[in-house]
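Please examine the sequence and the structure below before reading on.

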Amino acid sequence: MNFNLTEEQKLIKKTARDFAVNELAPGVIHRDSNKIWPAEEVKKMAQLGFMGIMVSNNWNGGGMDTVSYSLAMEEIARVDASASVIMSVNNSLVCYLLEKYGSDYIKETYLKQLATGDKLGAFSLSEPQSGSDASNMLAFAKREGDYYLLNGTKNWVTNGLHSNYVIVFAVTTKDVGHKGISCFIVDKQYEGFEVGKPEDKLGIKSSDTTELYFSDVKIPIENLIGNEGEGFKIALSTLDGGRIGIASQALGIAQASLDHSISYSKERQQFGKPISSNQAIQNKLANMAIEIESARLLIHKAAWLKDLKQDYGYMASMAKVYASEVAMRASTECVQIHGGYGYIQETGVERLMRDAKITQIYEGTSEIQRVVIARHLLK
Ligand code: CAA
């Protein structure tokens with residue numbers, strides 16, 4: 001067993017750390033408070049190759065492994081969780097899906113631009129009545145000659161506003177459950193495509209989350225991904241990888257909580273000594289460190305299994321459920337260690353607690369991850 005990172009993995013981790021500290025950190029509180037989408041920062045992430053890290057070089061990607069992707073995600077999220085989810089959706093839900101399931105036409109036309117970050121992608125599966133029960137969707141795409149006519153509504157779409165291309169799942173055959181769901185790539189320029197207003201969220205405020213409305217949108221048949229009826233399996237297998245991205249985001253938030261807790265507790269004097277000299281504080285720091293390292297090992301194991309092309313879905317679910325719960329605990333303790341200063345915006349740690357919460361919800365709630373894990377154990 002070898003826990004050492006390769007030279008390439010060390011380099012991407014350092015590049016992401018330097019970028020996050022130098023370019024993301026200065027404006028992060030301002031962007032969060034004012035819900036400003038990080039346009040310039042996303043452009044720079046694209047220049048660094050962070051928008052298509054795992055896509056092969058043939059399709060303009062970085063050709064790196066999932067461990068590298070996780071390392072970069074952790075470092076970006078350690079400073080700015082909003083920027084990290086923009087990156088995560090493009091990498092693991094959009095580019096990964098297109099490379100694995102798309103035709104050469106789709107890769108040439110869409111993946112190449114998405115992998116460089118020249119264009120941005122979104123993934124739309126959920127609908128107002130179907131979240132965890134994802135196959136219970138109503139969006140319907142009716143085949144008419146050489147196109148599909150799409151009608152319906154999607155919600156909770158990260159990058160819904162700023163994306164150029166959207167992966168859309170819709171029913172193509174009614175009354176056959178998940179076997180009637182198909183997957184498409186849809187250009188937002190198509191007539192009948194409308195974006196709803198951005199949601200006002202508890203956290204990840206400088207990323208956008210919207211509803212999408214489709215009214216007789218004509219999708220050319222070449223934009224069908226895989227075969228008709230394969231959409232639900234494409235969605236679930238893509239989410240397996242997406243969960244490694246979100247687990248890495250949660251890990252970054254947890255690590256940031258520990259970083260801030262260490263530096264503040266060494267600095268903050270009470271009763272004539274730094275609060276870090278109290279065992280009550282030391283126990284909190286130690287518990288955070290134990291949990292963060294455990295989460296990191298789970299995530300890297302899931303990523304490693306994925307890179308070896310072994311069964312990794314249940315491990316990705318374990319990594320996501322654990323890392324997101326660690327992020328919630330660590331960020332809450334971080335605010336506690338900061339006392340009153342932790343509760344105000346300018347210190348920057350209340351944002352960690354707000355941002356952590358979503359990692360227990362999106363790309364499959366903690367409850368759904370436990371369903372996936374239990375099904376694996378019992379099969
Ligand atoms: N990969 C490929 N296929 C899979 C699979 C996987 N990981 N898991 C299951 N399948 C297959 C099954 O084998 C089955 O196929 P057969 O009928 O041929 O055997 C089929 O898919 C259906 O499986 P289930 O019967 O298990 O499906 P289910 O309806 O019971 O649902 C679930 C299972 C785990 C609950 C699933 O629906 C799920 O993960 N729900 C959560 C959805 C989710 O994560 N949503 C997040 C949306 S993205 C987002 O958050 C927005 C964003 O922008 C970030």
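## Basis of the description

The model is predicted: local features need pLDDT of at least 70, side-chain atom pairs count only at pLDDT 80 or more, and totals for chains, interfaces and linings use all residues. Residues are numbered from 1 along each chain as its sequence is written, and side-chain values use heavy atoms, with hydrogens and water left out.

## Overall form

The chain comprises domain 1 (7-120), domain 2 (122-229) and domain 3 (233-378), with bounds from an automatic or database domain assignment. It has 11 helices and 10 strands; these are DSSP runs (helices H or I, at least four residues; strands E, at least two), numbered from the N terminus.

The C-alpha trace spans about 80 × 45 × 35 Å along its principal axes. The radius of gyration is 21 Å, which agrees with the value near 21 Å for a compact globule of 379 residues. This radius is taken over C-alpha atoms, and the globule rule is 2.2 Å times the number of residues to the power 0.38.

## Interface of domain 1 and domain 3

The C-alpha centres of these two domains lie 20 Å apart. Their contact (heavy atoms within 4.5 Å) takes 27 residues from domain 1 and 33 residues from domain 3. Together they bury about 2,400 Å², of which 59% is on carbon and sulfur atoms; buried area is the accessible area (1.4 Å probe) that two parts lose on being put together, summed over both. In domain 1, Thr66, Glu74 and Arg78 lose the most area to domain 3, together 23% of what that side buries.

Three salt bridges are counted between domain 1 and domain 3, each a side-chain nitrogen of Lys or Arg within 4 Å of a carboxyl oxygen of Asp or Glu. On the side of domain 1 that touches domain 3, helices H2 (28-34), H4 (66-77) and H5 (81-101) each supply at least two residues. H5 gives the most, with 10 residues.

Arg78 lies in the loop between H4 and H5. Arg78 forms a salt bridge with Asp259, the closest N and O atoms being 2.8 Å apart. Leaving aside residues up to four places away in sequence, Arg78 touches Arg17, Gly252, Gln255, Ala256 and Asp259.

Lys14 forms a salt bridge with Asp18, with 2.6 Å between the closest N and O atoms. Both residues lie in helix H1 (residues 7-24), four residues apart, about one turn of the helix.
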